[in-house]
Amino acid sequence: MHSPTLLPSPLFFVFALSTLCLYCLTASAASCHADDETGLLDFKSGIRSDPSGMLASWRKGTDCCKWFGITCLSGDRVTALTLVGRPNNLTTSLSGTISPSLSKLKYLDGIYLQDLKNLEGPFPNSLFSLPKLLYVYIENNKLSGPIPANVGKLVQLGALSLEGNRFSGPIPNSIGDLTQLFQLKLTGNLLTGPVPLSISRLRNLTVLSLDRNQLLGSIPDIFSGLSDLRILRLSYNKFTGTIPRSILGLAPKLAYLELGHNSLTGPIPDFLGKFQALDTLDLSWNRFSGTVPKTFANLTKIFNLDLSHNLLVDPFPVMRVKGIESLDLSYNQFHLGSIPQWVTTSPIIYSLKLAKCGIKIKLDDWKPTDTFYYDYIDLSENEITGSPVKLLNRTDYLVGFYASGNKLKFNLESMRLVKTLKDLDLSHNSVFGKVPKAITGLSKVNVSYNHLCGQLPLTKFPASAFAGNDCLCGSPLPKCKA
């Protein structure tokens, strides 16, 4: 006699099916490669503080390809790590170190750790274990120590940006082995010593930014082979000597040439007039002497020109620009007499700085074509008479107006203070009337040494902002007499 066959109950089928479905879902959820998950979770474990919850989605057993900041373009393998904070927002920061376990992400081709502010530690040696890595942007953090001498082993890199950290020591000579680089950005560190000549081998470079360091010596002859360079930033270093002639090789394509805040000397070379693709030229805060070359008339595409704080003398050439956005000729030995016509007729200018340029005009008579875009005007230490009221009443977005040390004479109460205005310096003129209440909304004010009178509105400004007037009174000056 056969025993009856025992069939599973319907409840068993429901349980088995649900278990199978749960297994399917779990398998699907954890679809990224185990090495990548481990490497990323180790990275997370090295982060002490994450105030904005940037890494909140990074949870073990979930699909790491769907985590915030993770890109997978090669099946189940992570190809990019992108964690970017907001420059002026402290909550979008990460505090901690970069885990060496990132070396597990063997398919990673891009690492972007930007504006996280509090990432610390040395240059991440894990990068040397990533064979597919092409793009490194570790910017505006607190990494420190030397750039490794063997950085040249990262031969496959197309972009290397370590700007805005605290790296110190020399730029390694081996950096010239990164011949695939199109971007090299080391801005804003503590790098010292000369620029290595090996950079001349980086013939694919379009961007070279070494500004805001402590580099010294002369600007080396490294440019003859860098014919694709469009941006060259060497400002805020300790370079001496003259501009090398080899830089002429950059003339056809270079759009940004920034050499300001160094100790460069000699005349400005005539050959800079051949850089007809220039958008921006900054030679400020050096010791350039002599006249500005007449060849500057050929710079017809230039929008931003800063020659301030040098030893330049008259005459200044007539420029043939279609429109200048920003011009600063302040603190040289110019005697311009008037504001140049090519400036007055510019339809797009937003920043005009001509302090101590020997300007002798009545400001009421200066009628620029367009004042809509102006945000900064600096006419300090000239011999300008009249009133700025008509000019300033035509501006809607002015942020700073500086006209100290002139011969301006007008009623301060007649001047409209636009909502955007933050800085106002009218010191050492002949301004009269009362100080208007609207001045309290500014960030910086100096109306000292004029002929102002009456009670001051309640402000946060020091007594020095109002000193040397005829009869101003009230805090921070002595009380008004009853």
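User: In what order do the three strands of the open sheet with mixed pairing lie?
Analyst: The order is β1-β4-β6. Strands are DSSP runs of E with at least two residues, helices are runs of H or I with at least four, and both are numbered from the N terminus. Two strands pair if DSSP finds at least two bridges between them. This is a predicted model, in which local features need pLDDT of at least 70 and side-chain atom pairs count only at pLDDT 80 or more, while totals for chains, interfaces and linings use all residues. Residues are numbered from 1 along each chain as its sequence is written, and side-chain values use heavy atoms, with hydrogens and water left out.

User: Which strands are at the edges?
Analyst: β1 (47–49) and β6 (117–120) are the edge strands, each pairing on one side only.

User: And how do β1 and β4 run?
Analyst: They run antiparallel and are joined by two bridges. S49 has S95 in β4 as its bridge partner.

User: New topic: where is S101?
Analyst: S101 sits in the loop between β4 (94–97) and β5 (110–114).

User: Is S101 buried or exposed?
Analyst: S101 has a relative accessible area of 14%, so it is buried. Buried means under 20%, exposed over 50%, and partly exposed in between, using a 1.4 Å probe and protein chains only.

User: What does S101 touch?
Analyst: Leaving out residues up to four places away in sequence, S101 touches G39 and D42; contact means heavy atoms within 4.5 Å. The side chains of S101 and D42 also make a polar contact at 2.8 Å. A polar contact is a pair of N or O atoms within 3.5 Å; within protein, one must be able to donate a hydrogen and the other to accept it, and residues adjacent in sequence count only if both atoms are side-chain atoms.

User: How many disulfides are there?
Analyst: A search of the whole structure finds four, a disulfide being a pair of cysteine sulfur atoms within 2.5 Å. One of them joins C32 to C64, with an S to S distance of 2.1 Å.

User: What is the handedness of the C65 and C72 link?
Analyst: The link of C65 and C72 is left-handed, with -90 degrees about the S-S bond.
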